Amino acid sequence: MSYALLKRSLITDLDTVAARYPDVPRLIILKTDVQRRGVFYADAALELLDETLHQTTGTHIFGARDGKTAVRPESLLLRDGTSIITTPTPQEDDPYVVDVLDGDAWLFDNGTPVEPVDYWPAPAYYAKKSRSGVPMKHIVSARPQRLNIFPYRYCTFWNNAKGCAFCDIVVQLKKGRDLLNIPAKLDPVEVGEVIGEALKEQGRFSTIFLTSGSITSGERPFDDEVDYFIALLKEVGKNFRTHKYPSQMIGTAFEKEQLKRLYDKTGLTSYTSDLEVLDEGLFNRYCPGKREWIGYKEWKRRLVDAVDVFGYGRVNTGLVAGIELAGPHGFQSEDLALERTLSEAEDLARQGVSTVFIVWSPRPDTPLGKYKNASLDYYIRLARGLHQLRIKYRLPIDHDSYRNCGNHPDTDLSRILPLWESEL
Amino acid sequence: MTGELLQRVGGLLAEAGTIATIATIDEHGAPQSVPTPFLQLDEAGRLVHLELLETSSTHRNLLGSIWFDRPVSVTLSGRNDEVLVISGRVYKALVSGLRFSRFYRKVRSQLGDADLAAVWLIEPLKIHDETYQVRKAQEETFHPFYFHLDRLVIHRDSI
């Protein structure tokens, strides 16, 4: 049966929801729902997996929803080039199933084929080892168009048990170290060399991405984190003929002097610092380390400061969307959560800071892991709301787009933001 | 759509001198037509359009097409006045992987320092032969009321 006929003949729950939002592409609604519910790979789908052709799980800083470390597809691509960054999920949690139809991988919902998907292609350098004998994919991992550097797989907020309530970075650090021999802290020179090897593949990568756990130490708090990022970015920069290169870093909310140092001394072109949740009370509860070292209002202020350094449309903050509704301390309704979140996002947007979200994947081994994430309608409304703020405040989001990240339904919508330069 | 017409599409695309244009519509329904110099037919019978710029109107319109099921069309004009118009639906955008990289290298080998935003695959749904002589013959056969009568007049001075 041809794809066109197949699509016409079946109506899924997804289509019912999609009918309520005719202005939002069905593919983006599907992506959001897959991120919300996770995926389960059928045996036939795993048989299609070829490690010489496809990326497999295991390289990421965060763990899988089913808590396992096994060879599975890293993530999926939809027909419009949209990435679905999702994790394997136990079947009893009602995930989408990836199975095979006519020889190709498809997403299935309750037995109904929904969309064909591609596994992320493996870059050429994945087959190689670094100078220290570590598989290069454990030094620098990849997305379809992005190179990921996770240089430090620990977060010092955990030193006094004040890590974020949704985060499993430390658990994953132990698994990565014990099962995959992934170094906890990377050598900047080795990182630069692996980036150089990756860039030999023409037409693959559009951006360099860097993130790690927070490092509180230094003359000023977080100076060591800034210095480490500078060392890394300088080594990465040795591969380029221009001082600046397309890049994004998710870091702690640094002071303005630290931001200037980071911008001036490296090729970094954008800056992201995640508030995680746009409500001070919930931020204090779920991000106690961030509260202790910086605080909600100061975090926001530093984001606004970063606009002066990196430029309008080059600074944003990320949300783990759904935690604001989780458990007894969350908002009592999705309407209230949406109102509060968009109101805070607008306060940032009017000052030049964009807000993006990821769909929260409740992970085992985290304090919030036992709760469920929000409804599909909620995520669609949130994506629409954040996209509309970018239109209202003329905020580009190229540095965190479907190409440069791929993890945000709201920035997928912003693929067709107005082109304000055409008005010049 | 017949296999014979699809073969003619492939034949036209193989000929040097064929001009290909792609027509898309924006969110307001306004049409836009631009040349598509790298157009080709793939082994699955889909048209392959290479889009060089992420922010081009055509790229954004093609995205709108795959998102909201808007039609697109491609026109091929051959050196011998043969014209084929293919209407279709956008099937897929390749943004990464071996096939994408092959096209990326092809673009750069021809244009120098150029980029490639996406490889768009378009599924042909209908092919119309819009070659003037073919359409003229059809119209005269099936719509004989649309002649200007002076074309039928007996020119006495030529008798």
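The buried residues of helix H7 of chain A, in this predicted model, are A:Glu225, A:Val226, A:Tyr228, A:Phe229, A:Leu232, A:Leu233, A:Glu235, A:Val236 and A:Gly237. A residue is called buried if 20 or more other C-beta atoms lie within 10 Å of its own, exposed if 12 or fewer, and partly exposed in between, with C-beta atoms placed from the backbone. Helices (H or I, at least four residues) and strands (E, at least two) are DSSP runs, numbered from the N terminus. Residues are numbered from 1 along each chain as its sequence is written, chains are lettered from A and ligands numbered from 1 in the order in which they are written. In this predicted model local features need pLDDT of at least 70 and side-chain atom pairs count only at pLDDT 80 or more, while totals for chains, interfaces and linings use all residues.

The cover over the buried residues of H7(A) includes strand S9 (146-149), helix H6 (188-198), strand S10 (207-211), strand S11 (247-250) and helix H8 (256-265) of chain A. H7(A) itself runs over residues 223-237, and at 1.5 Å a residue its 15 residues should span 21 Å; the end C-alpha atoms are 21 Å apart, in agreement. The expected span of a helix is taken as 1.5 Å times one less than its number of residues.

H7(A) brings A:Asp223, A:Val226, A:Phe229 and A:Ile230 to the contact, and H8(A) brings A:Gln258, A:Arg261, A:Leu262 and A:Lys265; two residues are in contact if their C-beta atoms, placed from the backbone, lie within 7 Å. By class, this contact has four nonpolar, one polar and three charged residues. Ala, Val, Leu, Ile, Met, Phe, Trp, Tyr, Cys and Pro count as nonpolar, Asp, Glu, Lys and Arg as charged, and the others, Gly among them, as polar.

Within H8 of chain A sits A:Arg261, which is partly exposed, with 18 other C-beta atoms within 10 Å. Leaving aside neighbours within four places in sequence, A:Arg261 is in contact with A:Val226 and A:Ile230. The C-alpha atoms of A:Arg261 and A:Val226 are separated by 8.3 Å, although these residues are 35 residues apart along the chain.

Chain A also holds an open sheet of three strands in the order S3-S2-S7, with antiparallel pairing. S3 (83-84) and S7 (118-119) of chain A stand at the edges with a single partner strand each, so one side of each is left without a neighbour in the sheet. S2(A), residues 76-77, pairs with S7(A) over two bridges in the antiparallel sense, and A:Leu76 has A:Tyr119 of S7(A) as its bridge partner. Two strands pair if DSSP finds at least two bridges between them.

Most residues other than glycine have a negative phi. A:Ala161, however, has a positive phi near 60 degrees; this residue lies in the loop between S9 and helix H5 (169-180) of chain A and is exposed, with 8 other C-beta atoms within 10 Å. The phi of A:Arg394 is likewise positive, near 50 degrees. A:Arg394 lies in the loop between helix H13 (376-392) and helix H14 (409-413) of chain A and is partly exposed, with 14 other C-beta atoms within 10 Å.

In chain B, seven strands form an open antiparallel sheet in the order S2-S1-S5-S6-S7-S4-S3. Its edge strands, S2 (31-35) and S3 (40-41) of chain B, each pair on one side only. S1(B), residues 19-25, pairs with S2(B) in the antiparallel sense over five bridges, and B:Gln32 in S2(B) is the bridge partner of B:Thr24. Helix H3(B) packs on the sheet, touching strand S4 (47-51), S6 and strand S7 (118-129) of chain B, and its direction makes about 85 degrees with that of S7(B).

Finally, the two chains meet: 20 residues of chain B are in contact with 15 residues of chain A. Helix H2 (57-68), strand S6 (83-94) and helix H3 (98-111) of chain B each supply at least two residues of the side of chain B that touches chain A. H2(B) gives the largest share, six residues.

How values were computed
Axes are lines fitted to C-alpha atoms, for helices over the stretch in contact, and angles run from 0 to 180 degrees between N-to-C directions.
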